[in-house]
Amino acid sequence: MNTLVAVTGAEGFIGSHLTETLVAAGFRVRAMAQYNSFSSYGWLETLSPDVLDQVEIVLGDVRDPGSVQQLVEGAEAVYHLAALIAIPYSYQAPHSYVDTNVTGTLNVLEAVRRLGIPRLVHTSTSETYGTARTVPISEDHPINTQSPYAASKAGGDRLADSYHASFGTPVVTLRPFNTFGPRQSMRAVIPTVIGQVAAGTRTITLGDPRPTRDFLYVKDTAHAFLAVGTAPADAVVGRTFNAGTGGEVSVGELAALIGKLMGAELEIRQDEQRIRPAASEVMRLVANASRLRAATGWGPEYDLERGLGHTIDFFRNPANLARYKTGIYNI
Ligand SMILES: NC(=O)c1ccc[n+]([C@@H]2O[C@H](COP(=O)([O-])OP(=O)(O)OC[C@H]3O[C@@H](n4cnc5c(N)ncnc54)[C@H](O)[C@@H]3O)[C@@H](O)[C@H]2O)c1
């Protein structure tokens, strides 16, 4: 029987790719999808039958301690990805971000501690660094939380560190930089541009075109999770690892590149409602992921153009595009 691992946020963008990666690596996955009245399993519903054969889907909620305890029981490792992730929505509903990203993480840490689970991979984000003060950003860069989202994620990170220090909980924190690929929601810039072009629009509405990001293809992100989830404990436990490419591209350059790859003349229009408060906008993020490479051998396999190619193919498929609302501002 294959080794059992548990994943929170498994029905989401990165979680569904991670579930596939874990099954391909020989694991059985107990996958939490957030409880909802439609009995929707999100992106897990689109995985191939071969993969789903090794996946036990449970509906639950990380805000509920009992729900988390049932999820992780008997698992050799827990990958905790469930979170509220949109920065604009965190301006509107900050309490729900604290409930999900801070209290939810506390519930996962407690369950892992009480049940003696051998490994927890906690998910952070590059947003916790705020606008880069030095580049590339190493894990020693100061934390500067410029949005309620970033603050709630940093709160979860600090709890994870404290559980390792206080109880020896075997937690490792992965801090991915901006991830993109098939299945990402239209809240992120790459699906926003590709989705609008795929739907036939040529005047693309965006927020500020100046911020730069280090875009990591989702398969590489999933392999970074696998790397820290399976590395020997003395190499990773109690540590935080960036996952990024070290490359940097601005939102404006990115939109132009997507236009070129999709063979479309694009006009970019700035949309006021997408502009973030100046002090909240993170202007520059670029990763130094050498710690992760040194500890696990991980490195990205996709460059930006190849990753965009796969993402464009996904959004050009009408069945996939039909799942999105390309005509509105998705927060
Ligand atoms: N997408 C990125 O660029 C990026 C970068 C760095 C870090 N991250 C982190 O990666 C993780 C996954 O993000 P994603 O981009 O796949 O987003 P996503 O929104 O697709 O996935 C998050 C999942 O968490 C689930 N969830 C939310 N609240 C929950 C709750 N109370 N109980 C159970 N499940 C709940 C959602 O249903 C969703 O499927 C998050 O922790 C995010 O902070 C993402």
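Residues are numbered from 1 along each chain as its sequence is written. In this predicted model, local features need pLDDT of at least 70 and side-chain atom pairs count only at pLDDT 80 or more, while totals for chains, interfaces and linings use all residues.

**Exercise 1.** State whether Ala227 is buried or exposed, and find its contacts.

Solution. Start with the location: Ala227 is in helix α8, residues 218-230. Helices are DSSP runs of H or I with at least four residues, strands runs of E with at least two, numbered from the N terminus. The cut-offs are 20 or more for buried, 12 or fewer for exposed, and partly exposed in between, with C-beta atoms placed from the backbone. Then list contacts (C-beta atoms, placed from the backbone, within 7 Å). Leaving out residues up to four places away in sequence, Ala227 touches Thr296 and Trp298. Finally, the C-alpha atoms of Ala227 and Trp298 are separated by 6.7 Å, although the two are 71 residues apart along the chain.

**Exercise 2.** Determine which element gives the largest share of the shell around the ligand.

Solution. The shell holds 27 residues, and Gly9, Gly12, Phe13, Ala82 and Ala83 come nearest. A residue is near if its C-beta atom, placed from the backbone, lies within 6 Å. Two or more residues each come from α1 (13-24), β2 (28-34) and α5 (94-115). The largest share, 3 residues, belongs to α1.

**Exercise 3.** Work out how much of the protein chain is buried.

Solution. The chain has 13 helices and 13 strands. Of its 331 residues, 47% count as buried.

Note on methods: Contact = placed C-beta atoms within 7 Å. Buried ≥ 20, exposed ≤ 12 C-beta atoms within 10 Å, placed from the backbone.
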